[in-house]
Amino acid sequence: FTPFTIDEIMKHIATYKFNGLSPSPQVEMKLCTQEEDPIQGNNFIASAIGPNGIRRQCEFKSFMSIVDPRYQTPSRDTHPNWKAEPFAKHANVVNMQAIIPGENCSIDEQTIGFQGK
């Protein structure tokens, strides 16, 4: 195991953000080139993370923790996204500061990927 650098951590977090915009069944599919996986692969992400990307993504996923371990884990029925909630809240704050929509901005529900049942 090689410790993650700050740059590498940011790349893996960006991969999760990209997967939120263009969902794949598994995040690791984004790390393949389009020659390896023509549907879910992404050449930009594969080249940014490097040739050992899938293994490093699995390591990152295993060791990533964004919650305080001193708190008791709540029930999944009442808090299904408990582990990711601090990250999601931070992303909402940062995105609101980074994006300033123009005067004539509209969003069609068809541009947002459907993830319901």
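**Entry 1. Terms and model**

I take helices (H or I, at least four residues) and strands (E, at least two) as DSSP runs, numbered from the N terminus. The expected span of a helix is 1.5 Å times one less than its number of residues. I note that this is a predicted model, in which local features need pLDDT of at least 70, side-chain atom pairs count only at pLDDT 80 or more, and totals for chains, interfaces and linings use all residues. Residues are numbered from 1 along each chain as its sequence is written, and side-chain values use heavy atoms, with hydrogens and water left out.

**Entry 2. The chain as a whole**

I looked up the secondary structure and found four helices and zero strands. Read from the N terminus, the order of the elements is α-α-α-α. I then looked up burial, where buried means under 20% relative accessible area, exposed over 50%, and partly exposed in between (1.4 Å probe, protein chains only). The chain has 117 residues, of which 23% count as buried. For contacts (heavy atoms within 4.5 Å), I considered those between residues at least 6 apart in sequence, and 41% of them join residues at least 24 apart.

**Entry 3. Helix 1**

How many residues does helix 1 have? I find 16, and the helix reaches 23 Å from its first C-alpha to its last, close to the 22 Å expected at 1.5 Å a residue. Its buried residues are Glu8, His12, Thr15 and Asn19. Seen down the axis, these buried residues fall within an arc of 45°, so they line one face of helix 1. The arc is that of the directions from the helix axis to the C-beta atoms. I recall that an α-helix has 3.6 residues a turn, so residues three or four places apart point the same way. On the other side of helix 1, I find Ile6, Met10, Gly20 and Leu21 exposed. The cover over the buried residues of helix 1 includes helix 2 (43-49) and helix 3.

**Entry 4. Asn19**

Asn19 counts as buried because its relative accessibility is 12%. Leaving aside residues up to four places away in sequence, Asn19 touches Ser24, Val27 and Lys30. Asn19 and Lys30 are eleven residues apart in sequence, and their C-alpha atoms are 7.6 Å apart in space.

**Entry 5. Helix 1 against helix 3**

Two packed helices are described by the angle between their axes and the distance between the axes. I use axes that are lines fitted to C-alpha atoms, for helices over the stretch in contact, with angles from 0 to 180 degrees between N-to-C directions. The axes of helix 1 (residues 6-21) and helix 3 (residues 53-63) come within 11 Å and cross at roughly 90°. Helix 1 and helix 3 are therefore roughly perpendicular to each other. Angles under 35 degrees count as roughly parallel, over 145 as roughly antiparallel, 65 to 115 as roughly perpendicular and the rest as oblique.

Which residues make this contact? Helix 1 contributes Glu8, Ile9, His12, Ile13 and Tyr16, while helix 3 contributes Gly53, Arg56, Gln57, Phe60 and Lys61. I sort these residues into four nonpolar, three polar and three charged. Here Ala, Val, Leu, Ile, Met, Phe, Trp, Tyr, Cys and Pro count as nonpolar, Asp, Glu, Lys and Arg as charged, and the others, Gly among them, as polar.

**Entry 6. Helix 3**

In helix 3, I find Gly53, Arg56, Gln57, Glu59 and Phe60 buried. They cover an arc of only 165° around the axis, which puts them on the same side of helix 3. The buried residues of helix 3 pack against helix 1 and helix 2.

**Entry 7. Two loop residues**

Lys83 lies in the loop between helix 3 and helix 4 (85-98). I record Lys83 as exposed, at 61% relative accessibility.
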